[in-house]
Amino acid sequence: MELTAQQIRDAVAGKLSRYYGAEVGNAVPAQVYKAVSLCVRDLLMAKKQIFNAAARKQGAKRVYYLCMEFLIGRNLRNNLSNLGLEKLFKKALAADGFDLAELYEIEADPGLGNGGLGRLAACFMDALAAQNYPAMGFTLRYEYGLFKQKIVDGRQIELPDEWLDSGEAWTVPRNDRAFTVRFGGEVREVWEEGRLKIRYENCTALEAFPYDLMLSGEGGDAVSVLRLWGVRAAAQGFDMAYFSHGDYAAALLRETEAQLLTKVLYPSDEHEVGKTLRISQQYALVSASLQNILKEHMLYYGSIETLPDKTAIHVNDTHPALAAPELMRLLLDEHGFSWEKAWDFTTRILHYTNHTVMAEALEQWGEELIKSRLPRVHMILREINNRFLKEEWERFPGDLARQERMSIFGGGQVRMANLAVIAARRVNGVSALHSDIIKQSVFRDFYEMSPDKFLNVTNGIAHRRWLCQANPRLDKLIAGLIGDGYRRDAGELKKLAAFKGDKSVLASLADIKLRNKTDFADFVKREQNFTLNPEARFDTQIKRLHEYKRQLLNVLKIISLYLDLRDDPDADVTPQAFIFGAKAAASYAHAKRVIALINALSAQIGQNKKIKGKLDVLFLENYNVSRAERLIPASEVSQQISLAGKEASGTSNMKFMLNGALTIGTLDGANVEMREAVGEGDIFIFGLTARGVEDLWRQGYYASAYYTGNARIRRIVDALKTGFAGESFADIANYLVANQIFSDPYMCLADFGAYMAAHEKLDALYKKPGAWNKKALLNIAESGRFAADRSIREYAEKVWDLKPVKI
Ligand code: 26Q
């Protein structure tokens, strides 16, 4: 039955009265936002039930996506848009004097992620739902998310990110579905009823209980559930004995310790307690999720035997890699499986994606920590490793060095990546280049042992969210030109190429960009009291702050442009604004210095009106999904300048392309495939290739030679020493050119010349709006292959062996 505006008004009024004792006439906007969200949640719940019933009836296989992060962004607009109900809700609410767009702004971004890995997980949930694949995500319910970034005196301060006040409306607590997760203590093996049983003694029992958040996708029948685990002390936890003795502190301690687990995402692991907390988070996620998956399977199918046919589990990066020993534990200890049969099941069910080749991100945990915190898991890990190495020895007899490299244990550490590869049925990288690199480097030995295990699935983005919702003006233009078929099939964007010579279409494209820029300039004025000239070229770099991503290279270029303008303030240049958005990990000192540098440069430019009119720098505070949704449609240049070989894929590069920005970038990650898609002429590629980087690395990278040999570099580095807005950045100057062989490991200076040259080409093209807009249009036209819908179809076919459910 069609929903009517009156029904919506009644439903909202009902929620207001029931939950807030308020009436439409006197409710405050925050109450209305929550009431509307609860109504939408009800609609999703109904839709989910229908889909799940059908999926179950068909005995459909389901994928479970385990991930420490899900950067889902705001829910209200996304769900209304996906359900096709935005217009109707707008009308219904307007009739009661409420502005839907204003309600959208009340919702805080759920802070459940950090960067690309988490956003990818969210884009994938969208594509799974939109294409009727049965799926469920699992993560933790972080009370304070990653952190909220505040800039004070140019420096990053981390504050708790309180998202639950508005976010809670979207989650349904399921107190009835708790699972026990055990830590520490001792494991005893006892013979009982003719078989080996495992007993746990003196362990700490926690209880994980779900909060369900429903995720929709446009046009599909499916609604996926993202299950967020909360953690509390197990039921017997509130210790009456302590309480009776008057030891109230001890009685509360266990509860407090349990709650610590879900306070924040990625707590610092610089100290031992931090490491313990992280591994506990990972294990809680894995253990609760697997118990949940097995229990539901038993409920629907009545037998564990069909588990591998009905279940694909995705281990997203190594953080949930303990899924391997935990699944073994459940099958061995709870279901009485033999080792061989349990291992057969495990290696048919688990799949693993690698998202980085950075050595410091390849997780290792001290073996002693695992042994004391997770004694049974440790025993199983040892056995997995022994059996694996034995098999490996038969393949490559006598190769001791290889054994050592492939072992899960080494140097007193547990290597999570080796574990993940050993246990997974499929292992994939996230772009063509990255998938090649992992086969040749970090996983070379494993690839030689089982080449068929490895494949590539290039990342993709939720194009409906990043185009149709985030850029409604462009969405309207495109739909007017080629119809709205691209909403379901992003490949149809190709039809836009036919308009590459159409002056009026190109002019509309430019006009839309200008209007989006104006909106964004208004936004930063409101939010940060920063004046941004919408007529300037918006040139954007948004991503986690990391040396390998080379925000610093971008800054060096800006300093060079600044010094030129200081020499000649009347130079006739195209005004340009460089925009950065980035959070630095709280303990990453160098990254924080780069943020300080960007802000100092911005402040120094702000002191000179004439220069600010031509060259501006904005550091956008607290970069997150909803800020990306405003900034990407307003950007004309996309900076993707990582040192080649280091960025696994990148996904903002795809979002910019979809919104008609031109890319300046290295041949890294998915940039390589973007160049293939548009052709060399429509993307600004520069710098060392991944191979070139390796060669230079082998020869030795002498940064100081660039300093002595290049006057422009010398000037920039010296300017860093003098500093900006009264602060010296001699430390960064030193980092760049320190007179050692390998100073800056990301070789900014080696790519600087090529970067400047590419920038100058870009600058020249921008002076010809017709040619620029044509390239922008062709970029949009070729961006369809980077839709998450395509990635998910590839995962379904090549990784999970999953079929869509027909309703
Ligand atoms: C490392 C050590 C110990 C504990 C945690 C970690 C850790 C945490 C987060 C390691 C890595 C991450 C996040 C990685 C990430 O976001 N990678 C990005 O994934 C995107 C989706 O595939 C890619 O597009 C990006 O290129 C990649 O950087």
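How far from an oxygen atom of the ligand does a polar side-chain atom of Glu-647 lie? The answer is 2.6 Å. Keep in mind that this is a predicted model, and let's go through it view by view.

View 1. Start with Glu-647, whose polar side-chain atom sits 2.6 Å from an oxygen of the ligand. His-355 has a side-chain N or O atom that is also placed 2.6 Å from a ligand oxygen atom. For Asn-459, the spacing between a polar side-chain atom and an oxygen atom of the ligand is 2.9 Å. So how much of the ligand is left uncovered once the protein is around it? On its own, the ligand exposes 610 Å², and the protein buries 91% of that.

**View 2. Here is the whole shell around the ligand.** Count the residues around the ligand and you get 20. The ones that come nearest are Arg-278, His-355, Asn-459, Glu-647 and Gly-650.

**View 3. Six strands line up in an open sheet.** Follow the strands across and you'll read the order β20-β19-β18-β21-β22-β23, with parallel pairing. At the edges you'll find β20 (615-620) and β23 (684-685), each of which pairs on one side only. Now zoom in on β18 (residues 537-542) and β21 (residues 637-640): these two run parallel and are joined by two bridges.

View 4. Helix α34, made of residues 769-781, lies across β21, β22 and β23. Which way does the helix go? Compared with β22 (662-665), helix α34 runs at about 85 degrees.

**View 5. Strand β16 has a parallel partner in β12 and another in β17.** Strand β16 (residues 426-429) runs parallel to β12 (residues 350-353), and three bridges join them. Strand β16 is also linked by three bridges to β17 (residues 454-456), again in parallel. Val-427 is a handy landmark here: Tyr-352 stands opposite Val-427, and the bridge partner of Val-427 in β17 is Phe-454. While you're looking at strands, remember that in a regular strand the side chains alternate between the two faces of the sheet.

Technical notes: Residues are numbered from 1 along each chain as its sequence is written. This is a predicted model: local features need pLDDT of at least 70, side-chain atom pairs count only at pLDDT 80 or more; totals for chains, interfaces and linings use all residues. Side-chain values use heavy atoms; hydrogens and water are left out. A residue is near a molecule or strand if one of its heavy atoms lies within 4 Å of it. A polar contact is a pair of N or O atoms within 3.5 Å; within protein, one must be able to donate a hydrogen and the other to accept it, and residues adjacent in sequence count only if both atoms are side-chain atoms. Accessible areas come from the Shrake-Rupley method with a 1.4 Å probe; for residues, only the protein chains shown count as cover. Two strands pair if DSSP finds at least two bridges between them. Helices (H or I, at least four residues) and strands (E, at least two) are DSSP runs, numbered from the N terminus. Contact means heavy atoms within 4.5 Å. Axes are lines fitted to C-alpha atoms, for helices over the stretch in contact, and angles run from 0 to 180 degrees between N-to-C directions.
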